[in-house]
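Subject: Structure handover

Hi,

Here is the structure for you to look through. My notes follow below it.

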Amino acid sequence: MKHAILFAALLFPAVSQAAPLMLTTESYPPFNFRENGEYKGSSVEQVDILMKAAGIDYKMEMMPWARAIALAENDGNTCVFTTVHNQERDPAFKWIEPLLTSRTVLIRKAGSGVDPKSLADARQFNVGTQRDDFTQTILQENGFARIDLATDLELTMKKLLSGRVDLMPISEKYYDKLKREGVPIEATLVLAQDVYSIACNPAVPDATVAKMQAGLDALIADGTQKRLFEKYGLADD
């Protein structure tokens, strides 16, 4: 009898509950950041709201961007945000959007003599960005050869303000927020118009992606997204 029970258990193992969906992100305030051990930001709050509305169990983890996006590319139960939806990335993921729409601008330290009038001019300068960030691709596609790669945005900003790099690309909305806070930076050129999204591994079920999109659509429709933009200093003037 015991052998029969063991045989049945091998043939019909107990059904285990599906693992929580992993959501990876980076420190990129005011979209995603850590404060007193708590994850905050306009995108973090949107993701929390839409996932709870969708009834999907999830786990969120903040890490360097290169690791965050690599996990979403290679792990069938992972999504990454806040991810720019560009042509290169489009076929690699399933998309939930928009968490944000914004232009990307090249900025310099205020008072710097670095003053490119075109992208061709800008190529002569040392430009800092984050490893495997979408801006690295934009810079490479536009012929920038002097690209200084860091692990995260905070380190790139420190390099800009200390003069170790001449220019860096950031979201125009984030640039506007930093200016209001008195950070000594100035915009020079526009690099791109971007849609920021949640990017899921293709193995994430379509039904899960549809529920997530419905949750995002709802918080946009009821004004929650706009209120979060206002809360984090991202609202249009």
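Six strands make up an open sheet with mixed pairing, in the order β4-β1-β5-β10-β6-β9. The edge strands are β4 (58-62) and β9 (168-171), and each pairs on one side only. From one strand to the next, the twist averages 25 degrees. Keep in mind that this is a predicted model.

Now the pairings. Strand β1 (residues 21-25) runs parallel to β5, joined by three bridges. Leu23 has Cys79 in β5 as its bridge partner. Strand β5 (residues 78-84) and strand β10 (residues 185-200) are antiparallel, with four bridges between them. There, Thr83 sits opposite Ser197 in β10. β10 also pairs with β6, again antiparallel, over 13 bridges. In that pairing, Ser102 faces Asp194 of β10.

A helix goes with the sheet. Helix α2 (residues 42-54) lies across β1, β4, β5, β6 and β10. The helix runs at about 170 degrees to β4.

Is Arg108 buried or exposed? Its relative accessible area is 13%, under the 20% cut-off, so Arg108 counts as buried. The Arg108 side chain makes a polar contact of 3.1 Å with the side chain of Asp115. Beyond its neighbours within four places in sequence, Arg108 is in contact with several residues, among them Asp115, Asp166 and Glu186. Val114, Leu160, Leu167, Pro184, Ile185 and Thr188 are also in contact with Arg108.

Best wishes

Note on methods:
Residues numbered from 1 in each chain as written. Predicted model: local features only at pLDDT ≥ 70, side-chain atom pairs only at ≥ 80, totals over all residues. Heavy atoms only, no water. Buried < 20%, exposed > 50% of the residue type's maximum accessible area, 1.4 Å probe, protein only. Polar contact = N/O pair within 3.5 Å; in protein donor to acceptor, adjacent residues only side chain to side chain. Contact = heavy atoms within 4.5 Å. Pairing = 2+ DSSP bridges. Helix = DSSP H or I, 4+ residues; strand = E, 2+ residues; numbered from the N terminus. Axes fitted to C-alpha atoms, helices over the stretch in contact; angles between N-to-C directions.
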